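Subject: Structure handover

Hello,

Here is the structure we talked about. Please open it first, then read my notes below.

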Amino acid sequence: MPDNLTIVEHPLVQHKLTHMREKSTSTAGFRRLLHEIAQLLAYEVTSHLALTTQPIETPLGEMDAPVLAGKKLALISILRAGNGLLDGVLELIPSARVGFVGLYRDEETLQPVQYYFKVPDGLDGRLVIVVDPMLATGNSSAKAVELLKEQGARDIRFLCLLAAPEGVRRMAEAHPDVPIVTAALDERLDENGYIVPGLGDAGDRMYGTK
């Protein structure tokens with residue numbers, strides 16, 4: 001596995017992920033857990049944000065206190081399942097700019113098909129965090145990052161819930177400069193391109209669709 005892969009092994013992350021994997025977990029429960037785990041993963045993916053200081057006055061005196069430096073970061077959701085992670089991260093970072101990349105996977109070729117693209121201006125000066133629960137084949141993720149780079153993005157990180165070795169390798173080949181943060185690296189993909197043991201289709205489980 002490449003050096004740019006980080007697996008968040010925090011006990012709370014792993015505990016919540018186990019409940020998400022359970023096929024008996026309800027749609028409401030799955031959404032709630034995804035929201036919670038997104039915030040925990042966000043701590044890791046933002047752990048190296050640049051800081052500066054600004055003068056403030058506390059009830060007991062003045063000080064130079066740390067604040068985030070530079071432009072507000074951008075969160076980019078790969079539709080539709082990415083919105084489950086997006087909501088949790090955005091609650092933690094409410095000032096972030098938000099964009100969407102609409103891609104679906106052709107079930108025969110397993111290649112991404114684009115149907116929507118709307119992102120904030122000035123990506124060249126922002127940290128860009130791309131969110132999608134599943135890094136399976138890696139084709140859609142690699143395509144989304146490619147589209148963002150075409151818009152000027154240079155500092156990109158990819159946040160997902162689960163990853164397969166095939167997807168990690170695909171991303172590393174296409175975008176070795178993009179760090180990947182995930183809660184787990186699973187065994188493999190099945191013949192249909194789904195992560196095993198995985199948790200099923202994240203979008204279907206989030207929204208109660210089949």
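Helices (H or I, at least four residues) and strands (E, at least two) are DSSP runs, numbered from the N terminus. By that rule the protein has six helices and 14 strands.

A word on the source. This is a predicted model, in which local features need pLDDT of at least 70, side-chain atom pairs count only at pLDDT 80 or more, and totals for chains, interfaces and linings use all residues. Residues are numbered from 1 along each chain as its sequence is written, and side-chain values use heavy atoms, with hydrogens and water left out.

**Overall shape**

The C-alpha trace spans about 60 × 40 × 30 Å along its principal axes. The radius of gyration is taken over C-alpha atoms, and the globule rule is 2.2 Å times the number of residues to the power 0.38. For 210 residues that rule gives a value near 17 Å, so the 18 Å of the protein agrees with a compact globule.

Accessible areas come from the Shrake-Rupley method with a 1.4 Å probe; for residues, only the protein chains shown count as cover. The protein has an accessible surface of about 10,700 Å². Carbon and sulfur atoms hold 50% of that surface.

Buried means under 20% relative accessible area, exposed means over 50%, and partly exposed is in between (1.4 Å probe, protein chains only). Of the 210 residues, 47% count as buried.

Contact means heavy atoms within 4.5 Å. Take the contacts between residues at least 6 apart in sequence: 64% of them join residues at least 24 apart.

Now the charges. Lys and Arg count as positive, Asp and Glu as negative; His and the chain ends are not counted. Each charge is placed at NZ of Lys, CZ of Arg, CG of Asp or CD of Glu. There are 21 positive and 28 negative side chains, and the centres of the two sets lie 4 Å apart.

**The cores**

In soluble globular proteins, nonpolar side chains tend to be buried together. A nonpolar core here is a set of buried Ala, Val, Leu, Ile, Met, Phe, Trp, Tyr and Cys residues joined through side-chain atoms within 4.5 Å.

The largest such core has 37 residues. Those that touch the most other members are Leu17, Met20, Ile129, Leu159, Leu161, Leu162 and Leu199. Two or more core residues come from each of α1 (11–21), α2 (27–45), α3 (82–92), β7 (127–131) and α6 (202–207). Which element gives the largest share of this core? That is α2, with eight residues.

Look at Met20. Beyond its neighbours within four places in sequence, Met20 contacts Phe30, Leu33, Leu34, Ile37, Leu161, Leu199 and Arg205. A second, separate core has 25 residues, including Leu123, Ala142, Phe158 and Cys160.

Helix α3 is worth a stop. Its buried residues are Gly82, Asn83, Gly84, Leu85, Leu86, Gly88 and Val89. They pack against α2, β4 (74–79), β5 (97–105), β7, β9 (155–159) and α6.

**Single residues**

- Arg205 is in helix α6. Is Arg205 buried or exposed? Arg205 is buried, because its relative accessible area is 15%. Arg205 and Arg31 are 174 residues apart along the chain, yet their C-alpha atoms are separated by 8.0 Å.
- Thr46 sits in the loop between α2 and β2 (51–58). Its relative accessibility is 15%, so Thr46 counts as buried.
- Pro112 lies in strand β6 (residues 112–118). With a relative accessible area of 21%, Pro112 is partly exposed.
- Gly122 lies in the loop between β6 and β7. Gly122 is partly exposed too, at 27% relative accessible area.

**Cis peptide bonds**

The bond from Leu79 to Arg80 is cis, with omega near 0°. Arg80 lies in the loop between β4 and α3. The bond from Val196 to Pro197 is also cis, with omega near 0°. Pro197 lies in the loop between β14 (195–196) and α6.

Best wishes
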